Structures are given as C-alpha cells and as structure tokens.
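These entries record what I looked up in one structure. I began with the chain as a whole and then turned to single helices.

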Amino acid sequence: MKAPQRRLFVLDTNVLMHDPTAIFRFEEHDIYLPMVVLEELDANKKGLSEASRNARQVSRFLDDMMSGVTKEQIDAGLTIPNGYGGNHGVKPPAGRLYFQTRELANGLPAGLPGLGADNLILGQALSLQREQPKTRVVLVSKDINLRIKGAIIGVHAEDYYSDKTIEDVDVLYTGAQVLPADFWEGHSEDMRSWKEGERTWYQLSGPMAAMWRPNLFVYEDAAQGIEAIVREAEGQSVKLELARDFRSERHSIWGITARNREQNFALNLLMDPEIDFVSLLGPAGSGKTLLALAAGLVQTLERNRFLEIIMTRVTVPLGEDIGFLPGTEEEKMEPWMGALMDNLEVLTRSEEGGNWGRAATNDLLRNRIKIRSLNFMRGRTFLNRFIILDEAQNLTPKQMKALVTRAGPGSKVVCLGNIAQIDTPYLTETTCGLTYVVNRFQGWRHSGHITLVRGERSRLAAFASEAL
C-alpha cells in the first residue's frame, strides 16, 4: 500500500487573522510560517478590531508553544499540541510547526519583485517546493489574488476551508420540508390524532419521519394541504402539531398577516414561547425585519412577555464610510437602523387618531425599542428582552457566539439576514456567523429556522431581485 504524500501547509497572515486557531486545524499535516507572516502579525496586533484581537491571540498561542524549547527543537519543528480551538469532532493535530529559521533562495520570476509581503510568501513556498520535491507544499490564503499568482508561477494554493460550516450553501437547512404525494401510504398505519384546547396533534412513525428534527415544518404542496411542526422526534416516531394560520385577519400580529407559507411558518416560530432562538434567512423584501418587529411588539406591549425590544446590527457600510457620527450610542446607531424606521412606519400607519395619534404611538414604541451597538455587548446580560440581530450575515462565527450568549432568562434571540449580501471582508456564504448558527442550532428543541423564499416588498423589488 502506497504511503500518503506528506503535506506542508504555508500559512498566509490573513488566515491566522481570520481564525487564530488555524494552526490547530490541519490534522496530521505540517505547517510552515514564513518570517514575513510574523512581521505582519506584529504590525497588526494594535487596535480593537476583531482582526487585531486575532493577531494577538495567535501570538499568545505561539508563545505558549515556544515556552521552554531550545533553538534545536525550533529548527526541528515544534509538535502542535491538542486541546486548542474547540475542534468539534475534527481529528486532533499530529503534525509539526516549522518557522523560517534560515534564508531561502528566492526563485520568483523576474516579473514578481520580492519586496511585497505577498511575493515574499510566494517565494518561500516556491523555494520549499524545490527543496522538498517529495512533499506537497500548499500555500493557504484567503487572498484570491495571491492564490492566482501562486497558480501562475506553479505554487499550489488553496483557500482556508476549516472555517466552513458546510461544504455547499445549497445543502443549508431550510427549516421546512414538503411531503411527497405517497407520504400517508407509508406513515398512516399507526397514526393517531387528538386535540388539546385549540391545538391539534398527530403521532405517526415511518422511514421518512425518522429523519425529522424538532421544529421542522412539514407541509403538503396543495391548496388545503396540511401544515405542521415537528414537536418531538424519537427514533421513527414523531409528534406533530398543526401550525397556526397567521394568514387571516383574525390571527393578525400587530396588523400584519402572513402573505405566504414561509412567512406563516416564521410567525409560528416568532410567537412560540417555547422557542428561544429563531433564525430567518431570505432575500431583500421577504419580510424578515417586519415579521420580527411585529412579533416583538405584540409580545412586549400586549402580552408583556418581554420588557423591551433590543435591535442591533454590524456597522459595515454598503459603500464608502461617511465618517464620524456625533451623539450618544443610540444616535450613532440610528443611521444604521433605517430598516427599523421603515418597518415602524408600516406598523404604525393606522389612520385612527390622525397625526397626533401616530406621533404618540411612535413615542410609545420608541420608548420600548432600544437600539444598541455591537461594540458594547461584551459582558452584558439581557433579561426578558426580545433581541433582534439584523444583517447577521456580516457577523463572524465568533461574534455570533458572543452575541447569542448575551441572552439571559426569559429572552428570545432572532437572527435575520441574507447570505447573498455579505459586506464583511473574508466572510463567505459558507463561513459567516449566520450559516454557522443555522447549522449548529438545527435539531435543538428550543430553536427554529425558516428560509423565506419570496420577496413581498413590491412588484418592482421582486422583479429587480430576479432580473438584476
């Protein structure tokens, strides 16, 4: 049997600044850090940004590994320890970490002068490739241009894959599943149903039911087809509850009714007191913010389940930054909260009471809706709050964890976003915090997720999202 080829991964600085635990995620393979990478980490360690914190964390990891070792041990490569970074089932590291301990011949083509940091890293990878022909040298970088240059001069370059929550965004959990036409033939033998007050329950078993998870919505794609939510799943037996219909005016939420099946499922999750975490994905205009805000207002002002609504989002601009914003925390956040103001306008458009009545209503609502910046969330605990994280696709998994863990007893967290509109550098559909929580929370009985598929903003917006 042929022995597997040894691999040596040359890490770019942006990989370590994106994920400081990257050096522990290459399983049995070896890692090489050029000296210019250490220089760039040192240059980027100052500051309060996520990237600066990550640079400092990498330096601490390296300092721990080098504690008490000799120059000879460093030259021979340091054993990468296990137990860092929370591998979640990934094989523990068994490779070695090599530093650039000597000058390597720079074999770059004449068209690539070796003065820039990227070109120095390319030169190192090319030299290692020539020195160790039996080893597969791989340059790992989040920089697309560096990977392109590497491919051109003959260095195998790859993106950093270990931070991917899923392999392909097409397999991301949607929260709903259509029942095939022959479903009842194979699942109705032991079925029973009963009512508890206004709630209708079904218990059934079968091969398809064995794959269902709690809070998955199942439905028949027909005009009067069943729509239900999986409440309990054990082996091949599941317990279903009929979903409430929020499409009718009688069951409207703050004057808002569901316009399609997915919106109806979303309102079922948002209004359920047993569900503490809700994630809503969907394109622009699918109603994510409006539904979340309407459900929060009803449960805060009418049912007194929550003390107030807290809205926050990442302050990543779509275009050029407009610079310094004066005022308090709430005043600084207001330009970023246009979506909140737009949706409040829809929710308070009642003609009763005229302009004075609407102004009084707006003042009441603004007193119960607080706008908070992500920058000041560390260490806080929110009790009995309805927390809305808007534009959550721009959060890293680490930031998402820091925010969701702010929720105290009696609080509900709602994450909204569109993974097709990511503005944060180095985040993609498969690595962003929103995809991360959707994937990690699926199956927990106190969380729910729905992917909204239809825009309901206007016929213009619907056409633009398809045609442009």
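I took contact to mean heavy atoms within 4.5 Å. The model is predicted. On that basis I looked at contacts in the protein chain between residues at least 6 apart in sequence, and 68% of them join residues at least 24 apart.

I next looked up the make-up of the protein chain, which has 15 helices and 18 strands. Of its 468 residues, 46% count as buried.

Entry on α5 and α6. I asked at what angle helix α5 and helix α6 pack. For α5 (residues 117–131) and α6 (residues 144–153) I found an angle of about 40°, with the axes 11 Å apart. The two helices are therefore oblique to each other. I noted the crossing of α5 and α6 as right-handed. On the α5 side, the contact is made by Asp118, Asn119, Leu122 and Leu126; on the α6 side, it is made by Leu146, Lys149, Gly150 and Ile153.

Entry on α9. I checked the span of helix α9 (residues 288–302). At 1.5 Å a residue, its 15 residues should span 21 Å, and the end C-alpha atoms are 21 Å apart, which agrees. I also looked up how covered α9 is: 13 of its 15 residues are buried, so I recorded the helix as mostly covered. Just after α9, I found Asn304 with a positive phi of about 55°.

Note on methods. Residues numbered from 1 in each chain as written. Predicted model: local features only at pLDDT ≥ 70, side-chain atom pairs only at ≥ 80, totals over all residues. Heavy atoms only, no water. Axes fitted to C-alpha atoms, helices over the stretch in contact; angles between N-to-C directions. Helix = DSSP H or I, 4+ residues; strand = E, 2+ residues; numbered from the N terminus. Parallel < 35°, antiparallel > 145°, perpendicular 65-115°, else oblique. Left-handed = near helix turned anticlockwise from the far one by under 90°. Expected span 1.5 Å × (residues − 1). Buried < 20%, exposed > 50% of the residue type's maximum accessible area, 1.4 Å probe, protein only.
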